[in-house]
Amino acid sequence: MTLLLSLATARAEQAHGTFEAIRTSVPPQLDGQLDDEVWATAPSYTRFVQTFPQEGAEPTERTEVRVLYDDQTLYVGIINFDSQPQLVNRQLGRRGQPPESDIVTVSIDSAHDRRTAYAFSVNAGGTLRDTLYFDDNKSSNDWDAIWDGRAALRPDGWSVELAIPLRLLRFPSAPIQDWGFAVRREIARKSEVIDSILIPRNANAFVSRFGNLAGMRGLEPHMDVELTPYVASRASRRPLSSDPFLPKPRLWEPSADVGLDVKLSLTSQLVLNATINPDFGQVEADELILNLSTFEAFFPEKRPFFTQGMDIFQPAGAEISDASQMLFYSRRIGLDTPILAATKLTGALTRNIQIGLLDAVVMDASAPSHAGEDSGQPDSRYQFHPTRPFHFAPNSALPLEPGVPQNFFMAISRATVAPGSTVGLSAGAATPLGHRCGSVLPEDPGPRDDCLVAGGNAAALDWNLRTQDGNWVFVGQLAGSQVVGGPEAGQLRRDGTLLRPGDTGLGTYMTAGLLGGDPLRFSVGYEYASPRLELNATGFQTTQNQQTAKATVEFVRPSGWGPLHTFSTSFNAYRDWTTDSRALHVNDQLLLLTEATLPGFHVAGFKIGAKFNRQDIREIPLTGIPIERPDYQYITAWGETNRNLPLALRVDAYVNRLVAPAPTLSKHGQGATLTTIWRPLPNLETQLIADFYGFLEGPRWLETLPNGRYLFSEQEPLILSLTLRQLLVLSPRLTLQLYAQLFSATNRYGPFYEATPGADGRVHLADFLPTEPGMDPSYHEAALNMNMVLRWEYTPGATLFLVYSRAQQELPPQEGSAELFHLLLPNRLFAGASTDTLFVKWSHAWGL
């Protein structure tokens, strides 16, 4: 066998980065061993190069790669020789989430557009991961594909076999296929990364630097039809009353759901996905936070339908622009009202044109009235509701007032106009399909407006223009919005802007500069949002009536600087002012950011910043009156040990300072986050995150008083959060994961002030007058969120979930319990309201 492999190795002298695939009529047995004779027919590729820590150097360990194919599958075999095989890191992880370990990744640009690639990874323990690359150097691990890979130990290292169905890959019909191809190996204990072709660390590019896979003939794109039905059942025990002071009695509510996911390849490069009654009960709960700002919090998407294949819907240049104008934010869909059905079409119309279409309908049923309503007993009847036809639950589980049915639509098209450069058009619409008041609207304008729900339309032109090496970049977006429907009298925004039906707005962001290469980089950027820009119907927009100019200068050494493995430092300057006729100056900020990878592959960094010349037009709601904010300075430092160690630590700590004029208070604050990852065994990982922090700001608005006066108060919020993630891997396809977050917060108010706008129409801190309002709005709250997920993928594409979750709230303090507000730890946590849920879900994918 060794002789045959040697002969195959000597067959061809490949160009650096070029692999040769050999057709086979006998597929290899997938066991990770590479001992089938068919592997001897394929030449081996060995010309790897070190990317990190010594860019361009010879790898410390040898790697051999062979590639086979037939009409259905691409097979890749990799032998990872190791001079110390007993030190190979075989840490196990959950499917799609391998831990720091020895791992190999095969990346395939089958369309050879040098922008998009599919990556398939297998670590030494056999854990699989799939990744989608887009826009050359952006990636998403949320893409999920059905393929297989196996790892095996060898006396001289370890080896891997991958079987990648060709139906997963989008490629054109051609007599000879020419694909982009790259293989990467990571050696954990050395923090060494080696590649089949050098991809410089200072390059602002990835897919465009791939080598080639040659020799594949007679392949035709496969029509892929995949049906994935699911059945789910849950039993929840929740408080009968919504009053937090009445946590008991509790009510058992069983329910069941059925649904279907469909995947259809319309062409070799165009895929249709659809879902009916999707259920996401196995998804980890959102992080508990205390949001004291005047801005909406952003939460990442975790639901599979919206994470997979959604790369084209990402805003152009979002990773470098810091823009807050997203036309599409999938968390808008199904946030308040369940999803009845959704569909998306993604892929390429031609070699240079990509498209994405998404449409989703949300709809709910309401609890019907019944004769026993006055008795206070829950309605345990099961009835068919046409607005939720695939959900089976007692009427008591339905809301008294369901969310308004809506249709969400998003369309986007991007064209490659030059290597690495794209221009795109997008449009979105949120269309209410009803209102809040049943079938008949009131005739009186006031009650009628209370029933109406506003939707919105939005459109944008985006561009991502890069030089061929990816170093010089100009990215941006020009967007417009229109309010559709809603109250005829309009709605006031936080800054006092009135939005009426039909109002339009304009927004843009852009960043240009030298973003690749070393040692110097620089960029300038600008963002503009008119007062009536409204993208939140379908997207995410942090604020409006604001424009920002920024500039950044960086010194970077991504390939090392002296004893440091990497080094970067940047200086950033920002200025914000309003876009209304006042053009109010609202903020200046300076920021210095430095980070380095130290000897031993530990990481350390710090950030020093200052905000000054500040005023806020959102603090006093619905008025737009500017209020002066104190100057703010802060220092943040962090350190992280080598992630490949069995015990890895990260510490983030900060101190900050407010400088406020009398009679308001100058303050100091501090906080810290400690992250611990412990891997005592290859199949066990414990992650603990401890957060302690405060929200440091000047006096905050409390209420509006008569005669144009406003009541303000100092605040001292403190937050404690403990998050545990425990992973037990019984096998690469059978995992048990525990997630738990204990969250506690207290906020003490005082001293209190009264203030009125001055002659210039602004509220100045020096004009505040101390007062006693005769009330204490201080509060204390605590909660515990927990879920335990047993996931068994008993065959590729077939998964069984068993989930237990608990949502526990603290019993609120009684009036007059002011001493509790001085305690940060939870108080009477398990005496409060709680909901326990047991959930079982089965799904199975069938290919037709």
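Is Asp 379 buried or exposed? I began with this residue in the predicted model. Asp 379 is buried, and its relative accessible area is 7%.

**Entry 1: the partner of Asp 379**

I then looked up the salt bridge of Asp 379. Its partner is Arg 381, and the closest N and O atoms lie 2.9 Å apart. Arg 381 has a relative accessibility of 38%, so I recorded Arg 381 as partly exposed, since that class lies between the limits of 20% and 50%.

**Entry 2: Glu 697 and Arg 614**

I next examined a salt bridge between the side chains of Glu 697 and Arg 614, with an N to O distance of 3.1 Å. Glu 697 is in the loop between strand S39 (684-694) and strand S40 (700-705), while Arg 614 is in strand S34 (residues 614-616). The pair therefore ties together parts of the chain that are 83 residues apart in sequence. I checked the accessibility of both partners. Glu 697 counts as buried at 17%, and Arg 614 counts as buried at 13%.

**Entry 3: a network**

I also noted residues joined by salt bridges with shared partners. Glu 61, Asp 82, Arg 185, Arg 189 and Lys 190 form one network in this way.

**Entry 4: Glu 793 and Arg 95**

I asked how many salt bridges the model contains. The count comes to 42. Glu 793 and Arg 95 form a salt bridge whose closest N and O atoms are 3.9 Å apart. This pair links distant parts of the chain, as the two residues are 698 residues apart. I located Glu 793 in strand S44 (residues 779-795), and Arg 95 in the loop between strand S4 (73-81) and strand S5 (103-109). Glu 793 is buried, with 8% relative accessibility. Arg 95 is buried as well, with a relative accessible area of 12%.

**Entry 5: a nonpolar patch**

I turned to the surface and asked which residues form a nonpolar patch there. The patch consists of Val 417, Val 423, Leu 425, Leu 461, Leu 465, Phe 474, Leu 478 and Leu 506. Together these residues have about 630 Å² of accessible area. Strand S22 (421-432), strand S23 (454-466) and strand S24 (472-485) are the elements that each give two or more residues to the patch.

I looked up one member of the patch separately. Leu 506 is in strand S27 (residues 504-514).

Methods: Residues numbered from 1 in each chain as written. Predicted model: local features only at pLDDT ≥ 70, side-chain atom pairs only at ≥ 80, totals over all residues. Heavy atoms only, no water. Patch = residues over 30% accessible without salt bridge, like charges linked within 9 Å, V, L, I, M, F, W, Y side chains within 5 Å. Areas by Shrake-Rupley, 256 points an atom, 1.4 Å probe, with all protein chains shown as cover. Salt bridge = Lys/Arg side-chain N within 4 Å of Asp/Glu carboxyl O. Helix = DSSP H or I, 4+ residues; strand = E, 2+ residues; numbered from the N terminus. Buried < 20%, exposed > 50% of the residue type's maximum accessible area, 1.4 Å probe, protein only.
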